[in-house]
Amino acid sequence: MTLLTYSSSLIKKLVNSNGHSLEYIDGFYVDKNLHRKPLPSVIFHHGKLYYRYMDRIFSPTPIKKMEAKQSMLMCEIRLKYFDEFVDDAYNLKVINEFISYIPPNKHRLNILDFGCGNGKYTLGLKSRVEQSEVFGVDISMNAIKCAEKNYPNIFWFHINDQTPLPFQDGYFDFIFSSFVMHFNISKFFICELNRILAKNGKFIFNIYNEKYFSNELFQHMEKSGFRVDEIKPSFQTNQSFYMVKKNK
Ligand SMILES: C[S@@+](CC[C@H](N)C(=O)[O-])C[C@H]1O[C@@H](n2cnc3c(N)ncnc32)[C@H](O)[C@@H]1O
């Protein structure tokens, strides 16, 4: 583990005396020293290990083991500091590659953005096919409120994994999900995504960092009736795009 390469006193020095004062927010530590290089991917702070998410947020739980409530709170910190923490140009490249998989000659498509966050990148999904109906769903009420306020021409829904997603079976031609599927996505959501995807529809997603890749996710997907049809490397970013179809 990365930590083993740093002695505790060196890390303390890094954390405390190198200008990296960390702010405590909702169980996480946040490094707002944007002019400094990011801290290592695991740090020892106040007697505990913290795992870095993106460059600036430190969680007491490794990303893959987080409960949904915890990853949602962490994403709300990302939302709060969106302009400072999110590399917009990079994300736009990822979204533009998503968009390139939408056939431009279709009259009308139903498109879902699963884990839409503040909706900024959902908007782009509408640009390809003007008449398409685009929906965004997220477990964070704060994110959905933000999206509703900024982009009223998209349909937004707050969701949870106890209640079926508010769509008919087979409704969506495309489901996209950007920077979401590396979290601990419940089996319930995966089954629901399978239910609402059209027979010949496509579910396309990326994973924030391949180190968060989880076999469990793909096992759940297979059990829910999905199959990973192709994994396409992105040429503009260091991402891979997972192209998923329904088995039947
Ligand atoms: C990193 S944000 C990405 C938001 C948006 N797709 C974007 O590209 O900006 C991840 C989103 O996934 C949602 N999320 C986090 N953990 C989740 C989980 N376990 N199940 C479902 N959604 C989750 C968060 O609420 C958040 O809005």
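**View 1. The loop that holds D26.** D26 sits in the loop between strand 1 (22-25) and strand 2 (28-31). Helices (H or I, at least four residues) and strands (E, at least two) are DSSP runs, numbered from the N terminus. The model is predicted: local features need pLDDT of at least 70, side-chain atom pairs count only at pLDDT 80 or more, and totals for chains, interfaces and linings use all residues. Residues are numbered from 1 along each chain as its sequence is written. Is D26 buried or exposed? D26 is exposed, because 11 other C-beta atoms lie within 10 Å. A residue is buried if 20 or more other C-beta atoms lie within 10 Å of its own, exposed if 12 or fewer, and partly exposed in between; C-beta atoms are placed from the backbone. Leaving out residues up to four places away in sequence, D26 touches L73 and I77. Two residues are in contact if their C-beta atoms, placed from the backbone, lie within 7 Å. D26 and S178 are 152 residues apart along the chain, and 24 Å separate their C-alpha atoms.

View 2. H46 is not a glycine, yet its phi is positive, about 45 degrees. H46 lies in the loop between strand 3 (42-45) and strand 4 (48-53). H46 counts as exposed because it has 10 C-beta neighbours inside 10 Å. M54, also a residue other than glycine, has a positive phi near 55 degrees. Where is M54? M54 is in the loop between strand 4 and strand 5 (57-59). With 16 other C-beta atoms within 10 Å, M54 is partly exposed.

**View 3. The surroundings of G119.** The loop between strand 6 and helix 5 (122-127) contains G119. G119 counts as buried, because 21 C-beta neighbours lie inside 10 Å. Which residues does G119 contact, leaving aside its neighbours within four places in sequence? They are G136, C146, A147, N150, Y151, I154 and W156. R52 is 67 residues from G119 in sequence and 24 Å from G119 in space, C-alpha to C-alpha.

View 4. Q168 is in the loop between strand 8 (155-158) and strand 9. Q168 is exposed, because 10 other C-beta atoms lie within 10 Å. From Q168 to G119 is 49 residues in sequence and 22 Å in space, C-alpha to C-alpha.

View 5. Helix 7 covers residues 187-196. Its buried residues are F189, I190, E192, L193, N194 and I196. An α-helix has 3.6 residues a turn, so residues three or four places apart point the same way. What do the buried residues of helix 7 pack against? Their partners include strand 6 (110-114), strand 9 (172-177) and strand 10 (197-206). Helix 8 (215-223), strand 11 (226-233) and strand 12 (240-246) are also among them.

**View 6. The shell around the ligand.** The shell has 20 residues, and A68, S71, C75, G115 and G117 come nearest. A residue is near a molecule or strand if its C-beta atom, placed from the backbone, lies within 6 Å of it. Which element gives the largest share of this shell? Helix 2 (residues 68-80) does, with 5 residues. By class, the shell has 11 nonpolar, 7 polar and 2 charged residues. Ala, Val, Leu, Ile, Met, Phe, Trp, Tyr, Cys and Pro count as nonpolar, Asp, Glu, Lys and Arg as charged, and the others, Gly among them, as polar. The ligand lies between domain 1 (2-85) and domain 2 (88-246), because both give residues to its shell. Domain bounds come from an automatic or database domain assignment.

View 7. The protein chain is divided into domain 1 (2-85) and domain 2 (88-246). Their centres, taken over C-alpha atoms, are 27 Å apart. Domain 1 brings 11 residues to the contact, and domain 2 brings 14 residues. On the side of domain 1 that touches domain 2, helix 2 gives the most, with 6 residues. The residues of that side are 7 nonpolar, 1 polar and 3 charged.

**View 8. The annotated stretch, residues 112-205.** An unreviewed UniProt entry annotates residues 112-205 as "domain: Methyltransferase type". UniProt positions are given in the numbering used here, feature names are shortened, and annotations may be inferred rather than shown by experiment. Over residues 112-205 the chain is 28% helix and 30% strand. The end C-alpha atoms of this stretch are 12 Å apart.
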